[in-house]
Amino acid sequence: MSNQLIQPRTLSGFRDFLPEMMIPREKLMETARKVYRSYGFVPIDTPTLELSEILCGKGSEETDRQMYRFQHGKRDVAMRFDLTVPLARFVAQHHNELGMPFKRYHIGNVWRGERPQAGRFREFAQCDFDTIGTNSIASDIETVLVINDLIRAIGFEQFKIRLNNRKVLNGILEKANLAEHSVAVLRALDKLPKIGPEKVRLEMLETTGAPDSSIDQILMLSQISGTNREIIQQLGTLCEGNELAEQGREQLSEVIDATQALGLTEQNLEIDVSIARGLDYYTGTIVETFLTDLPSFGSICSGGRYDSLAQLYTKQQLPGIGASLGLDRLLAAMQQLDLIPNTKTTAEVMIVQFDKSKLSEYLKLAADLRRQGIAVELYPESKKLNQQFKYADRRGARAVIIAGTDEFASGVVQVKWLADGTQTELPLAENSNEIAEWLKTRLTD
RNA sequence: GUGGGUAUAGCUCAAUUGGUUAGAGCGCUGGAUUGUGAUUCCAGAGGUUGGGGGUUCAAGUCCCCUUACUCACCCCA
């Protein structure tokens, strides 16, 4: 017999979720589902593992480097890096059955072999929503509205959705004769808030070798500031004479107008002409979302519009727009901000097992309450009362129901409200209706 | 993938210039209290000081390697 134990541990960047984390994590997923469904997005799922030829080479070299990829038998397979590439394959394969436009949401884990950091993991859940098969600005507007609803439904008011449009960027690049260097230029521009215009300028000069005058035209963007309306106005001169840029500016304007009309203010939605996002398939509106209290965590919800999602898999032209909520990043942020309540139970009510011989009565009471929509836990052992109470308290139960010899004799139960220690006597009638009603009114607080 | 920092009980941290058997609070298990949690008192469990190697009479402490975490790059949810 060997006493060599294997040390229990998880891989770097991979985590276990204990109940106190998994309960709020599931709640986040439920909130996301609810918001997406309220806009008519429908759920889909795809395999986590796909042929490498499907998943690789669709993003940048960097994403390929981060992809988990291996041989299984003779097959070259990979684990999905995001939910967008699988969606592209999915709609290319099924678009005849789906019909367009198609609005789907997808909650699932993705894997990236990169160096973990706070809020960055190798396995994490994304909650994507996309509208495919339409170029209408209505979808761009709704995308912003969904993000706003979602972050608010989760409980945040201090957040900023940053909005930009790739057409503006690409048009201005065309004007400055820098279209061929768009990746390098946009990458540098994306760092503007972080490293400032001077360093951005140096990086652009270095990576493109373009003349100062061209770079200066791009850096005019860093001068832009003010309210959303003022920014759009200032973009007027910068975009002038380039059709693409003017079109992008018009789209920005439409999104701002429509969302403002619905009460979305500058506090939560702001045009930021420096954001570039993704750099690969985005072609129009782009968005990212930051928590005001934790900007260093990066964007918790980003996305944008693309002209042709599935061009690698089908000749069908499938434009669309969507965004992805970084569920695990958001959860990590909430943990850091101390917004995760310490609840280790899913049942708000616990029944004490006072008298072993009354087990069937306890089971009946629990069943009655469950039938009326209350989650109830019966303590599994007939242990000392203080231990049963301790258990209820530590798990975060809100009420404990006590029924002992005295109570059964007079046909009542005691309901103890743990927060204030008060105890209420209620009749133990046929279907436990009165108990259920009493609990329901208290539990909704 | 590149560069810096950190690693002592489940958690937060102590431990004199390297010096005896590595401590505390919280948490956990039980008791005080066989009809009541959160408060109080008592007891107990829990550590090869992340792992491996080296220097030394002696290493939690110094050196090297490795792993994990963390920060900055890269990239991004």
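This is a predicted model: local features need pLDDT of at least 70, side-chain atom pairs count only at pLDDT 80 or more; totals for chains, interfaces and linings use all residues.
**Entry 1: Thr-405**

I looked up Thr-405 and found it exposed, with a relative accessible area of 54%. Thr-405 belongs to helix H15, residues 405-410. I took helices (H or I, at least four residues) and strands (E, at least two) as DSSP runs, numbered from the N terminus. I also checked Thr-405 against Asp-355: the two are 50 residues apart along the chain, and their C-alpha atoms are separated by 7.6 Å.

Residues are numbered from 1 along each chain as its sequence is written, chains are lettered from A and ligands numbered from 1 in the order in which they are written, and side-chain values use heavy atoms, with hydrogens and water left out.

**Entry 2: chain A as a whole**

I recorded 16 helices and 16 strands for chain A. Its C-alpha atoms fill a box of roughly 90 × 60 × 45 Å along the principal axes. Of its 445 residues, 49% count as buried. The domain assignment gives domain 1 (19-336) and domain 2 (349-443); such bounds come from an automatic or database domain assignment. I noted 50 Å between the C-alpha centres of domain 1 and domain 2.

**Entry 3: salt bridges**

I searched the whole structure and noted 22 salt bridges. A salt bridge here is a side-chain nitrogen of Lys or Arg within 4 Å of a carboxyl oxygen of Asp or Glu.

I first looked at Asp-328, which forms a salt bridge with Arg-25, the closest N and O atoms being 2.8 Å apart. Asp-328 lies in helix H12 and Arg-25 in helix H1 (residues 19-38), so the pair ties together parts that are 303 residues apart in sequence. Asp-328 is buried at 1% relative accessibility, and Arg-25 is buried at 6%.

I next examined Arg-104 and Asp-130, whose side chains meet in a salt bridge of 2.5 Å, N to O. This pair links distant parts of the chain, with Arg-104 in strand S5 (residues 102-111) and Asp-130 in strand S6 (residues 123-132), 26 residues apart. Both Arg-104 and Asp-130 are buried.

I then turned to Glu-348 and Arg-398, which form a salt bridge of 3.4 Å, N to O. Glu-348 lies in the loop between H12 and S12 and Arg-398 in the loop between helix H14 (385-395) and strand S14 (399-402), so this pair ties together parts that are 50 residues apart in sequence. Glu-348 is partly exposed at 34% relative accessibility, as is Arg-398 at 25%. I also noted that salt bridges with shared partners join Arg-15, Arg-25 and Asp-328 into one network.

**Entry 4: a positive patch**

I found a positive surface patch formed by Lys-344, Lys-390, Arg-394 and Arg-395. Patches are made of residues with over 30% relative accessible area and no salt bridge, like charges being joined within 9 Å. Accessible areas come from the Shrake-Rupley method with a 1.4 Å probe, and for residues only the protein chains shown count as cover. Lys and Arg count as positive, and the place of a charge is taken as NZ of Lys or CZ of Arg. Lys-344 sits in the loop between helix H12 (327-336) and strand S12 (349-351). I read Lys-344 as partly exposed, with a relative accessible area of 34%.

Technical notes. Patches are made of residues with over 30% relative accessible area and no salt bridge: like charges are joined within 9 Å, nonpolar side chains (Val, Leu, Ile, Met, Phe, Trp, Tyr) within 5 Å. Buried means under 20% relative accessible area, exposed over 50%, partly exposed in between (1.4 Å probe, protein chains only).
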